[in-house]
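Have a look at the structure first, then read on.

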Amino acid sequence: MVSAISLRNLTVATPQGQFLLNKLNFDLAKGERVGLIGASGSGKSLTAAMLCGLLRPPLSMTSGDLYLNGISMRGARPSHWRCHRGRNVFQIFQSPASALTPARRIGPQLEEAARIAGALAREVIPKVMDKLALSPNVVRQFPYQLSGGMKQRVLIAMALILRPAVLIADEPTTGLDILTELDILSALNDAVTETGATLLFISHDLHAVQEVADRVLVMQSGEIVEDGSIKTLGQSGAPAARLLAEAANRLRSPC
Amino acid sequence: MRNIGLTVGQGEVVGLIGRSGAGKSTLARCLVGLEKPSTGDIRLNGASIVPGKGTARRQLQYLWQDPVQSLSPYLSAHGAVMEALNGFSIGSPNSRKSSASAYLNDLGVTPDMQGRRPHALSGGQCQRVALARAIAADPQVLILDEPLSALDFSTRVQAIELLQKLHRETGLAMLIVSHDLAPLRHLASRILVLDDAQIVEDIRMEHFAERAAHKLSRAYVRTLTAEPTADSIDGNSISD
Amino acid sequence: MTFGIFLLFGFAILALAGGTSNLPPPEKMDLLSRLAGPSERHLLGTDHLGRDLLSRLLAAIPVSLGAALKTMAAILAIALPWGLISGLAGGRTDMVMMRLADIVMAFPTLVLALAVIGFMGASLEASIIGVAVAWWPSNARLIRALVLSANERDFVKASYLAGASRRRVIFRHVLPQILPPLAVIVSLETASVLLALSSLSFLGIGAQPPMPEWGAMLNEARPFFAHAPHMLIAPGLAVVCAVLAFNLVGEGLRDLLDKRRPYQW
């Protein structure tokens, strides 16, 4: 079976020769849910941008290859990527505030997503709004009128409409309080179950990853240092992975 | 925000939790004069104070959520602590240089890091510097706004240990604002739950799980029951 | 930026060279060789009174550029404290100071400068004062905006709460933040001030004859445009180069001081 995403020795370097991503190798099967975790500055968000074809010059794939559904994306032109984004890959960003157009109401933005997906806006929007416990009024509101958690839910609604093959969530709960975080994570889980999408969940918080994924990739200074089950992270050969498991354990342990 | 009453005892560590937008930070900022309350008064040792003015400026120290942003890019770590010592005229002018180093050293900022400016330090190190600066002012109460949020996941454990050590050694009273109950279990002896600009629960930490009654408090209790990562390195808890 | 600095240095060296070279003095008239084109004796030719154009052009460097710098200094002397006090004091002081600046800004800048010059009598000094009076409010507003955003930064408040005196906060934490953008603004504004002063001289109400000044030289050249175009081209090019130099330096400073790094994610 063809993997949804497959990276082969993928490297991204600056023109000065500094490796930002170094020989990434991993495969995400269709419908798999995987966490990508690492300290800030380890290259997680850059990986997400790369998977969506959002690398801006002077950065580009220096060597290696990226396959989406078995199709090589090496050297793909921006117009080629544009066809992929939305239908095949969709990203939920860290700051939902900047992912929604500030000057348009939520309704038209969701309708646009429905048009791209070829779905009937009148039917699909109320359905997903209901599923995410968003009140029908939200479609008439502007993004600034919504709280951080609501905006994130609107983006998940967009994902539900678009039904992408791969959903990338880049720190979707950072900056939200813990109760909202749990709501968003369960909404995300439901959305992925319903659409059967492959999920790549990026976070620096192991607890959040635990809520949605079993398999986890640990990243450190641009390299994948561990690829395995969350449960066995504590016995990992990579110190960064062990450190994370230990931190997670200690933060949650009772006194 | 209306009719808030809260007390922090001598040497007590109080945790203040609530959803975002509930007014936790506003409350904390009022205590140091970053926001002005419309009515009501703030007392320190029984005497009414004007936050951010006179001796209250020294006695109530505030720790920003983002430690990197709260340090001036124009001063080294050592310079930041010196600024507090000079500003409040603490100790004799000759001894300040060495005592600033000592404060930083105590909090794990080694001499080779003390000459660096914030952008050359990590988030965790910046927090240590900000803490040293606050402690150097010799405060009575330390107010911490989301001390863990801006830190990396694995740095958080170190930050908790640091605050525990600080409290053990100085007996400083602290008010810790947080959106997450879990880390407060290692730090606070009393928890206040803030909802819709009102305090809905005020209870000792050890009773929280069993006796907290408000529905928001129960929601927080449920976040704790998420099972800790199985099989990871044996859980010798932080506060043993 | 390097080209801009190179140009400015070039002007400075030329100004010095003009003083020491064996060119005829800028005021020396030679009525026999009026309106002569460039020749070996007069490299850029002569004007309608037979004065050596190159010599006048070089003698005008300290006058024209000096006037622009003096004007900019005068503008900053008013605008910097005005914007700083207004931004830091806030409340009523801020409102009164800004409304005063707004009233001045409500007049078209050149018209206001003309009014001041009309009141004082035409001279280079009057035009410097006139331009400064008309130009300071926009700069004061800019500085106030810079101060407001600088003052909102967490570390400024943190420094105050951690014991720094008000004065220390202003001089160690607020001012250093506004200096880099201010340097950019100053070099760009100097160019526009230079143009304004030259325009006033061109209108005949700035530098008075026989003082050599680029704008005034352009004005003198106007009637002879058809048969002595060299009279117009030389000072015109000088103004263009000076403005270009200040703009290039300003742009360069902006690139240099802009701290956004390209590879941040």
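Is C:Gly91 buried or exposed?

1. C:Gly91 counts as exposed because its relative accessibility is 58%. The cut-offs are under 20% relative accessible area for buried, over 50% for exposed and partly exposed in between, with a 1.4 Å probe and protein chains only.

2. Before going further, a word on the source: this is a predicted model, where local features need pLDDT of at least 70 and side-chain atom pairs pLDDT 80 or more, while totals for chains, interfaces and linings use all residues. Residues are numbered from 1 along each chain as written, chains are lettered from A and ligands numbered from 1 in written order, and side-chain values use heavy atoms, without hydrogens and water.

3. C:Gly91 sits in helix 3 of chain C, residues 91–106. Chain C has nine helices and zero strands (DSSP runs numbered from the N terminus: H or I of at least four residues for helices, E of at least two for strands).

4. Now the whole chain. The C-alpha trace of chain C spans about 75 × 45 × 30 Å along its principal axes. Of the 265 residues in chain C, 46% are buried.

5. On contacts (heavy atoms within 4.5 Å): among those in chain C with a separation of 6 or more, 69% join residues 24 or more positions apart.
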